[in-house]
Amino acid sequence: MQKIGIIAEYNPFHNGHIYHIKKIKELYPDSLLILILNGYFLERGEISVLSKEAKTKLALKYNVDIVLELPVIFGTQSSDTFAEISIKILQNFQVEEIVFGSESTNIEKIQKLAKEQLEKRFILEKKDKTQNYPTLLAKTLHIEKAIPPNDLLAISYTKAILKNHYPIKTTPILRTSSYHNITSTDTVISASNIRHKRKNHEDIHKYLPTEALNNWQKVDTQKLFELLKYRILTDSHLDTYIDVTEGLDFKMKKEIKKAKNYEEFLHSLKSKRYTFNRLNRMLIHVLLGHSKKIANIPLSYIKILGFSKQGQEYLKEIRKNIQISLTPIKDSIQYQEERKAALLYDMLTNSHSSFFDIQNKPIIYTKDASKESNQK
């Protein structure tokens, strides 16, 4: 039985994700699928429209066997950190291969770019600081166009594998939709397109499962703005948070006094040097109080969010070989940050999603939905 890894955010879970899982099952009929799931706050600085519990249930329903949590402190950082910890967790679970969506599916090119970036990291860091990361990376690697988002992640996955000498293969599956396309009405479209259509009150039922639509959480962006405004105007150490560079701390204090909402504030911070993704991530770090001191903390434990019957059997088999705790360590920074994120998510969505975190019981999924349960 092959152990295949998936890394995802499911914001929201949609037809493209179902296609991804089905394609893996076609390629590897005798496989066990292990998912690394990012929870409430995401890598591009977005707030998830589905709770961690809802995403876990959907993944299990559509044939994922084990769902593991990507801690918020790592899941909200840049693609390299996001990938590094995700791959580390999969390595602990002895995954042999990861399968991911890609704009190009040219694995040789992805591996070549990953190797080149590892070799040129020092040069990259010393380059012109007025340029944003995707542009700077493309320029350093002599690529004319900016690298597409999923290929950028693929490079990060490959770098993590190469750097740590993990025996994990990488397999790309061609994406059938573009992240930047927000007009397509095909059956399979990007998550950003679905969110855009929902925001504009368009019918989105054909793009995602009914359960995903029924569990959609409305994010209160005005409350987000007010919470950020309080934090920014009362905190005299904004420069200590992840992604806050010199000068941005003062600019935030200046601009938030004039802005009327989150979007206006975000656009006031935009420059050539900072992408919207980078700024969104930075503001999430400020909101959550993620200081630079904890940016590189070690992984304290691996939390199991849910599993199928087949996944349960594998967990029994593999548990003794995993060096990292599979039980949340309550006095760890990782645990405290996860609880904080869950409570803030509740505030921003007017939900009680954090009960899933507090209860700390993985979902056991059976094909009979009536038997689905939360048990230890």
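This is a predicted model: local features need pLDDT of at least 70, side-chain atom pairs count only at pLDDT 80 or more; totals for chains, interfaces and linings use all residues.

Me: OK, and which residues make up α4, and how far does it reach?

Reply: Helix α4 covers residues 79-92, so to speak 14 residues in all. From first C-alpha to last it reaches 20 Å, close to the 20 Å expected at 1.5 Å a residue.

Me: Is α4 largely enclosed or open, and why?

Reply: Largely enclosed by the rest of the structure, because twelve of its 14 residues are buried. Among the buried ones are Phe82, Ile85, Ile89 and Leu90, and also Asp80, Glu84 and Asn92.

Me: Switching topic: how many residues of β3 are buried?

Reply: Five of five, so to speak mostly covered, for the strand at residues 66-70. Ile66, Leu68 and Leu70 are buried on one side, and Val67 and Glu69 are buried on the other.

Me: And what about β2, parallel or antiparallel to β3?

Reply: Parallel, with five bridges joining β2 (residues 31-38) to β3. Leu35 has Val67 in β3 as its bridge partner. Between the two strands the chain passes through helix α2 (residues 52-61), and this β-α-β crossover is right-handed.

Me: How does β3 pair with β6, parallel or antiparallel?

Reply: Antiparallel, over three bridges, with β6 at residues 304-308. Ile66 stands opposite Phe307 there.

Note on methods: Residues are numbered from 1 along each chain as its sequence is written. Side-chain values use heavy atoms; hydrogens and water are left out. Helices (H or I, at least four residues) and strands (E, at least two) are DSSP runs, numbered from the N terminus. The expected span of a helix is 1.5 Å times one less than its number of residues. Buried means under 20% relative accessible area, exposed over 50%, partly exposed in between (1.4 Å probe, protein chains only). Two strands pair if DSSP finds at least two bridges between them. A crossover is right-handed if, with the strands pointing away from the viewer, the path from the first strand over the helix to the second runs clockwise.
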